[in-house]
Amino acid sequence: METQALDPNNTDMPSAVLKSEHKVILRVLVVLDRLATRFENREGFEREALGRCVEFFRLFADACHHAKEEDLLFPALESRGIPREGGPIGVMLQEHTVARRHTAEMGAALDAVGAGDTGGEGRFVDAARAYIELLTNHIYKEDNVLFNMGDQVLSASDQESLCAKFGEVGCRAFGGKSKRQLEAIADELEVKWPA
Ligand SMILES: [Fe+2]
Ligand SMILES: [Fe+2]
């Protein structure tokens, strides 16, 4: 069986590529959590840093990462018999939709703050808290359930073809930024807002 020959730690596997992107997303979720806590502790609303977080989530988590799952991985899993409707793929897609709603709300709340509406700060933190909870659980389910199912059903040639397509997506620009430049936002936020 060709799938048994694959090494799960091989970064050439599509699940390994997505898991490594999850790690970057989780690092920015931790910074977002810290900044939300600062606001809740009345230590300030860090508008600029929060704007960087939202930019990262829109471009890296959504445009780069969720697009790979929705356009490439999930259709491949469906073609190998994992159901969309009433199955894990449908749940993941629904969660991506809710995640987009939360990032849109965070963006709108930041705009409101910029326009002088101080109620926008609490509105932002409510959306941020909902996003952190949703995406942390979503990533856990993908890492520990869906991707393992995928590794069982995808053939070596499916995996190879997905990796090649992921490589193409990874070379695109997202909002004018390369994947590496978006990863640098995570580094920059962590340095500026350490634990
Ligand atoms: Fe996902
Ligand atoms: Fe994911």
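Analyst: From the N terminus on, the protein chain runs α-α-α-α-α-α. That is six helices and zero strands, where helices are DSSP runs of H or I with at least four residues and strands are runs of E with at least two, numbered from the N terminus. The radius of gyration is 18 Å, close to the 16 Å of the globule rule for 195 residues, so the chain is as compact as a globular protein of that length. Here the radius is taken over C-alpha atoms, and the rule is 2.2 Å times the number of residues to the power 0.38.

This is a predicted model: local features need pLDDT of at least 70, side-chain atom pairs count only at pLDDT 80 or more, and totals for chains, interfaces and linings use all residues. Residues are numbered from 1 along each chain as its sequence is written, while chains are lettered from A and ligands numbered from 1 in the order in which they are written.

Now the part you asked about. Helix α6 covers residues 179-192 and holds Val 191. Val 191 has 9 other C-beta atoms within 10 Å, so Val 191 is exposed. The cut-offs are 12 or fewer for exposed and 20 or more for buried, with partly exposed in between; C-beta atoms are placed from the backbone. Across the protein chain, buried residues make up 30% of the 195. Val 191 lies 143 residues from Glu 48 in sequence, and their C-alpha atoms are 15 Å apart in space.
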